[in-house]
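Please keep the structure open while reading.

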Amino acid sequence: MNTEHSLLVLVLPEHRIPGEAQKRLQDHAGGRTVTIITDKSQLESLLDKIEIVGGEVPPALISRMPKLKWYQSWYAGADWLQKFPETRNHPFILTNSSGIHGVQMSEHLFGMLISWYRRFPAAFAAQKKHEWLTFTYPDMDVLAGKTMLIVGYGTIGKRVARIAKAFEMGIIGVKRSPATERDPYADEIDVYTSLHQRLGEADIVVNILPLTAETRGFYNRDVFKAMKRDALFVNIGRGGSVNEDDLVEALKSGLIKGALLDVTAEEPLPAASPLWDLPNLMLTSHFSGFHPQYDELAFQVFLDNLDRLNRGEPLKNVIDKELGY
């Protein structure tokens, strides 16, 4: 493969460029010319030259890159393709940074769960007011003995299950295709088409599904009605997979006991959204995936895929642009 005139570009804000990125990219570039851009406006003059690009690229610009062969996205989600049909139909390979989110997202999830069951928000609010709260034993709860249903049992889901097992919880994983081998953490693995039948077994329902045409608005009144009345719904996947009007109604009417959300359908969440004021809802502002070494971890995925490309091997984390995952 002649790579002499091929242009490889990394696009990230300056403060997020990994150490010695230029040299490290050049070492893995296979003879391609390497350019690092810290201002997205600089992309305009390079659109007709770029063959490989990684990092944060405005989706609308991708379809204007006639030579583009491969884009290594810095993130896991690919639901943005639904808003840019010209980009979705553009003939390039899209890979994501799946595989680097399991540690921080699973820790975030259990931080929320423990905060909920041990009443930490109330305790922290009382601390600010110098109040000593008095709880009764039934006010508290524990994770041990509870059943967690993990919807979207992939890399992150398996990490969640591993931690849940340490808390002595029961785990049901749900995925699109049947399991081909025994899982070391989940007690059962079921398929997505059986989800409605399993909802009533869970004390905690965790959503980690990608956002696709099939999953948009999936969590609606019928789903919440199928859950236990004392169940928690947890969303660390995509906000658009939830019908938020139905979630608000389910929380107000007692269809479910509570919800823990790191994502919402519109972000930032509008000030007028009723989600802000529900007493049985805990909200964080979509930072469960944050990690102090995130850019280095994503950079390693990029370098690994560059090596694979140079060896003529299949790339990791290839996205089906029609399906969106």
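1. Salt bridges. The whole structure of this predicted model contains 18 salt bridges according to the search. One of these joins Arg 24 to Glu 296, and their closest N and O atoms are 2.6 Å apart. Arg 24 belongs to helix H1 and Glu 296 to helix H10, so this pair ties together parts that lie 272 residues apart in sequence.

2. The sheet of 5 strands. What is the strand order in the open sheet of 5 strands? The order is S2-S1-S3-S4-S5, and the pairing is parallel. Strand S2 (33-37) and strand S5 (93-95) are the edge strands, each pairing on one side only. On average, neighbouring strands of this sheet are turned by 15 degrees against each other, direction ignored.

3. Strand S3 (residues 50-55) and strand S4 (residues 70-73) are joined by 4 bridges in the parallel sense. Opposite Ile 52 stands Trp 70 in S4.

4. Helices on that sheet. Helix H1 (residues 21-28) lies across strand S1 (7-11) and S2, and runs at about 150 degrees to S2. Helix H10 (residues 294-311) also packs on the sheet, where it touches S1, S3, S4 and S5. The direction of H10 makes about 155 degrees with that of S4.

5. A strand pair and a helix here. Strand S10 (residues 232-235) and strand S11 (residues 258-261) run parallel and are joined by 4 bridges. Phe 233 has Ala 259 in S11 as its bridge partner.

6. A helix crossing. How do helix H4 (residues 102-117) and helix H6 (residues 155-166) cross, and at roughly what angle? Their axes come within 9 Å and cross at roughly 50 degrees, which means that H4 is oblique to H6. The crossing of H4 past H6 is right-handed. Contact residues include Val 103, Leu 109 and Phe 110 of H4, and Ile 156, Val 160 and Ile 163 of H6. The residues of this contact divide into 8 nonpolar, 2 polar and 2 charged.

Key:
Residues are numbered from 1 along each chain as its sequence is written. This is a predicted model: local features need pLDDT of at least 70, side-chain atom pairs count only at pLDDT 80 or more; totals for chains, interfaces and linings use all residues. Side-chain values use heavy atoms; hydrogens and water are left out. Axes are lines fitted to C-alpha atoms, for helices over the stretch in contact, and angles run from 0 to 180 degrees between N-to-C directions. Helices (H or I, at least four residues) and strands (E, at least two) are DSSP runs, numbered from the N terminus. Angles under 35 degrees count as roughly parallel, over 145 as roughly antiparallel, 65 to 115 as roughly perpendicular and the rest as oblique. A crossing is left-handed if the near helix is turned anticlockwise from the far one by less than a right angle, and right-handed if clockwise. Contact means heavy atoms within 4.5 Å. Ala, Val, Leu, Ile, Met, Phe, Trp, Tyr, Cys and Pro count as nonpolar, Asp, Glu, Lys and Arg as charged, and the others, Gly among them, as polar. Two strands pair if DSSP finds at least two bridges between them. A salt bridge is a side-chain nitrogen of Lys or Arg within 4 Å of a carboxyl oxygen of Asp or Glu.
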